[in-house]
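Have the sequence and the 3D view to hand as you read.

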Amino acid sequence: MTALQAHLPALQVVVPMLSAPLAMLLREHRLSWALATAASLCAFAIAISLTLSVIDTGGMRYLMGSWPAPFGIELGVDAMSALLLLIVTGASSLALIAGASSLDREIEVERQPLFYAAWLLALAGLCGILVTADAFNIFVFMEISALASYVLVAGGPDRRALPAVFKYLVMGTIGATFYLIGVGLIYLMTGTLNLDDIVYRIGEVAEVKPILIAAGFISVGLALKAAIFPLHVWLPNAYTFAPHVVTVFLAACSTKVALYVLLRFNFVVFKPYLEDHDLKFAIFLLPLSLLAILVGSAVAMFESNLKRMLAWSSVAQIGYITLGASLVSVAGLTASLLHIFNHALAKSALFLALACLAISVSKLRIENIGGIAKRMPWTMAAFLLAGLSLIGVPGTAGFVSKWYLITATFDSGPLGILLVAVIVVSSLMAVVYIWRVVECAYFRETDEAQSAREAPLMLLLPTWAAVLLNFYFGLFPGVPLELSSSAATLLLGQTP
Amino acid sequence: MNFLGIYYYWVFAILLMVGFYAVIAKLNLIKKLIGLSLFQAAVFLLYITVGKVEGGTAPIFASAAGERLFSNPLPQVLILTAIVVGISTTALGLGIIVRIKEEYGTIEEQEIQEIDRQ
């Protein structure tokens, strides 16, 4: 067991990556679903084990092929990557379990093995970004996960998925190429690609201008991938027209992982030796976060397509996360990382509830679900409770991270009051858009809803698991809170 | 700083902007994809330029003793990977365009938007 323990960082990537071709070779769709789910659960178990050892020891290092660190590729797991690994593998497992009954309606049976292979590659790519400590390796894994998720999104039955995915592909590739230019400039100046090594070499570089340009390219490229406000235009349509469980997976993971790389580069790599880097970072990010929060929530209030409404709400929630980061304090970063975790929980529960609704409702529009709560009580109850967590009602996970965010903004001086006002206004807007759906589902009547039936148990179980986790982590936020606060101190270079 | 000595970097910057312009300004999806490929190819040139050492040869181990000047092989290895990524992206993009043509009967962005609005 201890021999295996040392190799867990590598296995985190290897297990889903090697399962992908196997899933494709199993021509029977049930078998390849079972394999994909098993691989995803196995990755989840590895993530839990890694998290436990991170809590115990503070971090893990792994030398790929035993090559010494700056020459070979090094893998590293710390509190921040452990937190994200839990989200990615957990959301993937829940979505795959739900996919057993949801995907048959959207993807032809004979194409499903290919679909599961793409899913596992996306999972391997996302895990790879989180475990690696090498700048170029991040690019490669980013493109593996991105190419696989383009395929996943394009699998949707609606033809509008295709233009949406083309836009996603173009913008995603521009983002990744910007990142590549930045890494190239850093390599030009420092001669190394290992993240920890870059930090020290930047201190020795005489001419910092190329490094500043690299910081700009990397930040903008990753902001594109993370859908930070004016660069979010690919997100609403890609989320809306993807197969429902793919939306669950992507909404919980892909933008969050890009945010992880953004935070890691700006705080761990650039902050220590670049003058006033945190100030520049805050000036770049703060206005964009506020705009994201206000515009995202406002558009969500007037959107009648349910999936697109939640997608716009994701734009706003990414704003909360970057707002916490732009405060450049331990409290702000803790809130931001905690919100990454809690928002992934709330959004995956909400999108899972929509996947349940989609079993009976052909078009997920607000006018089509009148009175459906009578026919699908469990589904709508799950939507309502997950919605409470998205709003941030006390007792739910969403409340904990918003509470930390508001506390952190209060500490940030006179500007803090304005920021708190923005957070409160946006939460009220969230009340409006969740309430519109709830009111329609509980208190109105339409004909289509009369024939609706409750979703199958295989879909309800993961949905309710996600909902209950929202309440569990609302009442006992211990583990994610501990991970986020030690990650925040790590990012700011202070000893915990 | 002499202009000619760094002209590789000018080629990189100009090619990058030509590709970027095509991605943004062209409405035909194929032309957009061509722009995207140019955009990526420009970055490949940047990496290869970085690794070039004046008068250096290929880094092959020579049995004869003596000092030899090598170009840095690492950026070339890196860019080999990036070229593979670029080819996969282009192939996937072309695949999506074929599907768009099948479903919509056009590959002009404006016409697709008009069809969707109906």
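In which helix is Phe44(B) found? Phe44(B) sits in helix α2 of chain B, which covers residues 29-51. Do keep in mind throughout that this is a predicted model.

**A buried phenylalanine in chain B**

Phe44(B) has a relative accessible area of 15%. Since buried means under 20%, Phe44(B) is therefore counted as buried. Leaving aside residues up to four places away in sequence, Phe44(B) touches Ile79(B), Ala82(B) and Ile83(B). Leu78(B) is 34 residues from Phe44(B) in sequence, and the two C-alpha atoms are 9.2 Å apart in space.

**A nonpolar patch on the surface**

Now turn to the surface of chain B. Tyr7(B), Tyr8(B), Trp10(B), Val11(B), Ile14(B), Val18(B) and Leu45(B) make up a nonpolar patch there, and together they have about 650 Å² of accessible area. Which helix gives the most to the nonpolar patch? Helix α1 of chain B, residues 7-25, does, with six residues. Val18(B) is placed in this helix α1 and is partly exposed, at a relative accessible area of 42%.

**Two helices side by side in chain A**

In chain A, helix α17 (residues 397-410) and helix α18 (residues 415-443) have axes that come within 8 Å and cross at roughly 155°. Because angles over 145 degrees count as roughly antiparallel, α17(A) is roughly antiparallel to α18(A). On the α17(A) side, the contact is made by Lys402(A), Leu405(A), Ile406(A), Thr409(A) and Phe410(A). The α18(A) side brings in Gly416(A), Ile417(A), Leu419(A), Val420(A), Ile423(A) and Ser427(A).

**Loops of chain A**

Most residues other than glycine have a negative phi.

Is Ala227(A) buried or exposed? Ala227(A) counts as buried, with 0% relative accessibility.

Another loop residue is Glu108(A), between α4 (79-102) and α5 (112-131) of chain A. Glu108(A) is partly exposed, with a relative accessible area of 39%. From Glu108(A) to Ala118(A) there are 10 residues in sequence and 15 Å in space, C-alpha to C-alpha.

Note on methods: Residues are numbered from 1 along each chain as its sequence is written. Chains are lettered from A and ligands numbered from 1 in the order in which they are written. This is a predicted model: local features need pLDDT of at least 70, side-chain atom pairs count only at pLDDT 80 or more; totals for chains, interfaces and linings use all residues. Side-chain values use heavy atoms; hydrogens and water are left out. Patches are made of residues with over 30% relative accessible area and no salt bridge: like charges are joined within 9 Å, nonpolar side chains (Val, Leu, Ile, Met, Phe, Trp, Tyr) within 5 Å. Accessible areas come from the Shrake-Rupley method with a 1.4 Å probe; for residues, only the protein chains shown count as cover. A salt bridge is a side-chain nitrogen of Lys or Arg within 4 Å of a carboxyl oxygen of Asp or Glu. Helices (H or I, at least four residues) and strands (E, at least two) are DSSP runs, numbered from the N terminus. Buried means under 20% relative accessible area, exposed over 50%, partly exposed in between (1.4 Å probe, protein chains only). Axes are lines fitted to C-alpha atoms, for helices over the stretch in contact, and angles run from 0 to 180 degrees between N-to-C directions. Angles under 35 degrees count as roughly parallel, over 145 as roughly antiparallel, 65 to 115 as roughly perpendicular and the rest as oblique. Contact means heavy atoms within 4.5 Å.
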